[in-house]
Amino acid sequence: MSLAAFLLALGTTCRITRFITKDTLAAGFRTWVADRFGDGSGPSYLVNCGWCTSTWVAGATAVYASLLHTTAWFHLPATALTLSYLAGVASRWLD
């Protein structure tokens with residue numbers, strides 16, 4: 001895998017992890033998990049802990065990247081997710 005594909009996989013992992021654990025759009029999902037499994041449970045902790053979630057997201061992203069790293073099926077979504085993550089970081093930094 002090339003360095004570019006690795007960096008795109010890294011950005012993808014960061015963005016998806018942030019979406020699951022912090023973004024308002026996924027708040028309903030996090031609430032549903034807490035209601036279903038309880039606030040102190042493993043699944044509830046998993047969707048609120050960036051370190052925990054990133055392990056699973058990175059595993060899935062690594063498989064996806066290793067299989068498709070030379071195709072547009074990887075590059076297009078990975079680029080969009082990475083740019084989204086970087087735009088969010090830049091926005092917080094510039095504010």
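**Burial and helix packing in a predicted model**

Q: Why is leucine 86 called partly exposed?
A: Leucine 86 has a relative accessible area of 47%, and the scale, computed with a 1.4 Å probe on protein chains only, calls a residue buried under 20%, exposed over 50% and partly exposed in between. The value falls in that middle range, so leucine 86 is partly exposed.

Q: What makes threonine 70 count as exposed?
A: The relative accessibility of threonine 70 is 65%, so this residue counts as exposed. Threonine 70 sits in the loop between helix H4 (50–68) and H5, and its C-alpha atom is 8.5 Å from that of methionine 1, although the two are 69 residues apart along the chain.

Q: How many helices and strands does the chain have?
A: The chain has five helices and zero strands, where helices (H or I, at least four residues) and strands (E, at least two) are DSSP runs numbered from the N terminus. Along the sequence the pattern reads α-α-α-α-α, and buried residues make up 26% of the 95 residues.

Q: Why is H1 described as oblique to H5?
A: Helix H1 (residues 3–21) and helix H5 (residues 72–94) pack at about 55°, with their axes 8 Å apart. Angles under 35 degrees count as roughly parallel, over 145 as roughly antiparallel, 65 to 115 as roughly perpendicular and the rest as oblique, and that makes H1 oblique to H5. The crossing of H1 and H5 is left-handed.

Q: Which residues of H1 meet residues in H5?
A: On the H1 side they include Ala5, Leu8, Ala9 and Arg15, which belong to a set that meets residues of H5, among them Phe74, Ala78 and Tyr85; contact here means heavy atoms within 4.5 Å. The residues of this contact divide into 10 nonpolar, six polar and one charged.

Q: What makes up the largest nonpolar core?
A: Ala5, Leu8, Ala9, Ala65, Phe74 and Ala78 form this core, six residues in all. H1 and H5 each supply at least two of its residues, and the largest share, three residues, comes from H1. Within this set, alanine 9 touches Ala65 and Phe74, and alanine 9 also touches Thr61, when residues up to four places away in sequence are not counted.

Q: How do you know that H1 and H4 are oblique to each other?
A: H1 and H4 pack at an angle of about 140°, with their axes 9 Å apart, and they are therefore oblique to each other. The crossing of H1 and H4 is right-handed. Their contact is made by residues including Ala9, Thr12, Ile16 and Ile20 of H1 and Ser54, Val57, Thr61 and Ala65 of H4, and the residues of this contact divide into six nonpolar, eight polar and no charged.

Notes. Residues numbered from 1 in each chain as written. Predicted model: local features only at pLDDT ≥ 70, side-chain atom pairs only at ≥ 80, totals over all residues. Heavy atoms only, no water. Axes fitted to C-alpha atoms, helices over the stretch in contact; angles between N-to-C directions. Left-handed = near helix turned anticlockwise from the far one by under 90°. Nonpolar A, V, L, I, M, F, W, Y, C, P; charged D, E, K, R; others polar. Core = buried A, V, L, I, M, F, W, Y, C linked by side-chain atoms within 4.5 Å.
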